[in-house]
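I opened this model to look up a few helix pairs and a few loop residues. My notes are kept in the order I made them.

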Amino acid sequence: MKRRCCIAFAAVILLLIISAYVNIITGTVVMSASEVFAALAGRLAGTIEANVVLFIRLPRIIAAVILGGALALSGYMLQTFFNNPIVGPFVLGISSGAKLAVALTLIFCVTASGKPGTVSLVVAAFIGALISMAFVLAVSVRVKSMGVLVVCGIMIGYICSAITDLVVTFADDSNIVNLHNWSLGSFSGIGMRDIGVMSTIVGLCLIASVFLVKPLGAYRLGEDIARTEGVNITLLRILLILISSLLAATVTAFAGPISFVGVAVPHLWKSMARTSSPAVMIPGCFLLGGAVTLICDGIARSLFAPTEVSVSTITAVLLVPVVITVMIRRKKDNV
């Protein structure tokens, strides 16, 4: 089992390195590996190549890895919390709630006092995510069927997306012309200052998740067993909600809603590592989520270059079959 996990980690890290390399050398401006390394080393300062590498591609690659990992980790937390393999921040409407809050913040703050800062956007997204999560939790108390819960989450997601589309349609301020592209999911326009904020938030959430490894391991075996091992179930659930919502909110604040990464990646990693241990799932989901998102972003910006499609379009096409496979397998297991 340890050998299998080591091989899986090595494969994901290799995939991550190859994806980053391909993403940094390809694009509208094609560069060789030597030009990229020279730009990173500072030997091409002031050139077009250096600007493209340092201020466009490198921040975008880092953002895709960090935010993709955050989505996958958020999905794993939610699947553990609800004990359901097909839930995630996008499916439950959490990302859509955060998206609506960020869109409203952008529109009203730009109109009133100028463009809000990144921290303000993260706070707004977190509040929107918590509101959506509160709705899902309220439904889960009254309804025991996970199928109904997922449907309710999808419905709240549709409502939030419809309201977001409505406000974006009537938003004509020149400072938010990119709001439509953001609302579809995109890593373009992210700078190194944004990288600092998102890495801090996601890093703290990742550290907090590591401290939950033992409680999560007990929680997976059942609440009764977890209580006998001294796990505070109420506190654990609150932490799971806060961490997963903050991770999803951070992604939405910087890149918009990215679909299906949080649902599919935990299952992909579990099939690779052949274990469901939180000690393996947490770092593995984060790394694989970053690699998958980076690959999808590379496809999104290069498939129809110079036209760029939304990342969510690519993630949906590539990851929906994974979700369908999980649902079919779950149905067969229950028969």
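**Ground rules.** I am working with a predicted model, in which local features need pLDDT of at least 70, side-chain atom pairs count only at pLDDT 80 or more, and totals for chains, interfaces and linings use all residues. Residues are numbered from 1 along each chain as its sequence is written, and side-chain values use heavy atoms, with hydrogens and water left out.

Entry 1: Helices here are DSSP runs of H or I with at least four residues, numbered from the N terminus. Axes are lines fitted to C-alpha atoms over the stretch in contact, and angles run from 0 to 180 degrees between N-to-C directions. For helix H1 (residues 2-25) and H13 I read an angle of about 25°, with the axes 9 Å apart. H1 is therefore roughly parallel to H13 (angles under 35 degrees count as such). The crossing of H1 and H13 is left-handed, that is, the near helix is turned anticlockwise from the far one by less than a right angle. I looked up the contact (heavy atoms within 4.5 Å): H1 residues including Phe 9 and Leu 16 meet H13 residues including Leu 287 and Asp 297. The classes are 15 nonpolar, five polar and two charged residues. Ala, Val, Leu, Ile, Met, Phe, Trp, Tyr, Cys and Pro count as nonpolar, Asp, Glu, Lys and Arg as charged, and the others, Gly among them, as polar.

**Entry 2: H3 and H5.** Helix H3 (residues 48-82) packs with helix H5 (residues 118-142) at about 20°, their axes 13 Å apart. H3 is therefore roughly parallel to H5. Leu 78, Phe 81 and Phe 82 of H3 touch Met 133, Val 136, Leu 137 and Ser 140 of H5. I sorted this contact into six nonpolar residues, one polar and no charged.

**Entry 3: loop residues.** Most residues other than glycine have a negative phi. I found Phe 260 with a positive phi, near 70°, in the loop between helix H11 (233-255) and helix H12 (261-273). Arg 274 also has a positive phi, near 60°, and sits in the loop between H12 and helix H13 (278-302).

Is Arg 274 buried or exposed? Arg 274 is exposed, at 54% relative accessibility (exposed is over 50%, buried under 20%, partly exposed in between, with a 1.4 Å probe and protein chains only).

Ser 186 lies in the loop between helix H7 (179-184) and helix H8 (192-211). Ser 186 is buried, at 10% relative accessible area.

Methods:
Helices (H or I, at least four residues) and strands (E, at least two) are DSSP runs, numbered from the N terminus. Angles under 35 degrees count as roughly parallel, over 145 as roughly antiparallel, 65 to 115 as roughly perpendicular and the rest as oblique.
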